Amino acid sequence: MKKIDIFFNRYIKGDRYLWAFITLLAIFSFLPVYSASTNLVTIYGVESNTVFRYLLRHTIFLLVGFGILFFTQFIDYKYFYRFSILTIPIILILLILTINQGKELDGVNASRWLHIPIINISFQTSNIAGLVLFIYCARYLARKNKEKIYFINSFFYLIFPIFFILGLIFPANGSTAVIVFISVLIILFIGGYPFTGIIGILFMGIISAGIYIFYVIKWGEKKPINRVYTWKNRIENFLNNESEENYQIKQSKTAIILGNKFGRGPGKSVLKAFLPQSSSDFIYAIIIEEYGSFGGIILLFIYILILLRIMVIATKVQNYFCTLLVLSVGVPIINQALINMGISVGLFPVTGQTLPLISAGGTSMWITFFSFGIILSVSRIIYDDSYYKNIEKRKKNHNEKYFST
């Protein structure tokens with residue numbers, strides 16, 4: 001027991017409750033992913049595609065994610081402040097490469113993915129861009145904390161980068177761009193940006209999106225990169241309950257109904273064989289079918305507890321940038337979870353958003369782990385005594401050196 005305590009004290013830093021919730025969700029994810037993966041085996045029908053293959057893939061993603069979480073917790077928050085502005089040009093280059101790539105991989109639209117041919121790896125740049133943008137906004141608002149911010153004087157340094165990045169995401173991944181945009185508005189509101197300015201940014205976003213959609217419908221071509229027709233169909237299908245294209249939502253609601261109060265039992269989902277994306281976008285419906293409304297509410301409650309821990313960390317840390325940083329990277333995770341759940345129960349149109357730490361996937365899961373790693377890094381200031389001791393030691397050494405000269 002003493003060795004275990006030494007291990008946790010040495011290597012597990014920051015908020016222990018947040019660590020517990022992250023680990024709990026990650027461990028639980030094996031059950032619905034294992035169950036829902038049978039759908040993938042049925043669809044593709046390849047001998048090499050087995051349930052254990054998808055489960056092994058999910059395990060590797062989680063292990064890499066925990067590796068990211070583990071190493072990120074040791075990074076000083078000051079580095080996120082310093083490098084946030086340096087990563088903006090890198091993200092812009094990646095987004096430009098992604099949108100120009102605009103190709104299909106294995107017959108699937110991959111205009112939102114950046115494919116690296118040499119190592120044969122693809123990743124979704126919009127997820128990385130969203131996180132970088134959140135940190136950048138937190139940095140700007142922290143720098144202007146004691147100054148009065150105006151819409152005009154913040155246009156070049158704040159508003160222009162926001163719309164430039166979102167403008168590169170929107171054509172290929174409209175739903176992610178909208179969710180990132182809403183999260184940015186929430187961050188600006190929390191950071192004390194003028195309310196009239198937030199309204200102005202909101203109208204700029206609506207007008208810009210409207211102009212782009214009008215242009216594509218009027219003069220554009222139905223290319224894979226132009227997702228406007230897909231958005232149009234999804235919204236129409238969402239509003240039209242009798243549409244045959246509304247198949248996913250119907251199957252998802254059926255799974256929820258079959259789940260009743262306490263579910264059919266682990267691995268006993270019937271709808272997983274008929275519901276597309278049952279291991280990712282609609283995994284919440286499979287969870288309710290197998291564990292009932294009670295299990296779905298418990299899962300929602302865990303995300304709410306994570307939000308509460310994020311708020312506790314943000315309010316306890318006595319550094320304005322750290323407060324904004326924690327809220328900037330934490331709140332979008334909860335937004336994504338609530339949107340995924342809302343899609344499964346039919347509150348929102350299908351957007352392709354995964355359930356954080358639960359759904360099968362790579363880029364989105366790793367970005368979530370990295371975001372939690374940032375929060376744990378900040379929480380070290382509150383919970384890790386050695387962190388304070390190192391700061392005091394550096395101050396003492398600095399003072400001794402100063403006075404000795």
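Author: Happy to, and keep in mind that this is a predicted model. Let's start with K144, which counts as partly exposed because its relative accessibility is 22%, and the buried class means under 20%.

Reader: Which residue forms a salt bridge with K144?

Author: First the general idea: side chains of opposite charge can pair when their charged atoms come close. Here the partner of K144 is E147, with 3.5 Å between the closest N and O atoms. E147 is partly exposed too, at 47% relative accessibility.

Reader: How many salt bridges does the structure hold?

Author: There are three. Another one joins the side chains of E289 and R264, at 3.9 Å from N to O. E289 sits in helix α11 and R264 in the loop between α10 (247-259) and α11, so this pair ties together parts 25 residues apart in sequence.

Reader: Let's turn to cysteines. How many disulfides does the structure hold?

Author: In general, a disulfide is a covalent bond between the sulfur atoms of two cysteines. This structure holds zero disulfides. As for cysteine burial, C137 counts as buried at 0% relative accessibility, and C322 is buried with a relative accessible area of 0%.

Reader: Now the inner spaces. How many cavities of 30 Å³ or more are there?

Author: The count is three. The largest cavity holds about 260 Å³ of space. It is lined by 18 residues, and those closest to its centre are N127, F134, P332, Q336 and I367.

Reader: Which elements give two or more residues to that lining?

Author: They are α5 (125-143), α7 (174-190), α12 (320-344) and α13 (363-383). Helix α5 gives the largest share, five residues.

Reader: What is the lining of the largest cavity like by class?

Author: It has eight nonpolar and 10 polar residues, and no charged ones.

Definitions and conventions
Residues are numbered from 1 along each chain as its sequence is written. This is a predicted model: local features need pLDDT of at least 70, side-chain atom pairs count only at pLDDT 80 or more; totals for chains, interfaces and linings use all residues. Side-chain values use heavy atoms; hydrogens and water are left out. A disulfide is a pair of cysteine sulfur atoms within 2.5 Å. Buried means under 20% relative accessible area, exposed over 50%, partly exposed in between (1.4 Å probe, protein chains only). On a 1 Å grid over the protein atoms alone, a cavity is a set of points where a 1.4 Å probe fits but cannot get out, and a pocket is an open set with protein on both sides within 12 Å along at least five of seven lines; lining residues have an atom within 4 Å of a point. Grid points are joined across faces, edges and corners, and a volume is the space filled by probe spheres set on the points. Helices (H or I, at least four residues) and strands (E, at least two) are DSSP runs, numbered from the N terminus. Ala, Val, Leu, Ile, Met, Phe, Trp, Tyr, Cys and Pro count as nonpolar, Asp, Glu, Lys and Arg as charged, and the others, Gly among them, as polar. A salt bridge is a side-chain nitrogen of Lys or Arg within 4 Å of a carboxyl oxygen of Asp or Glu.
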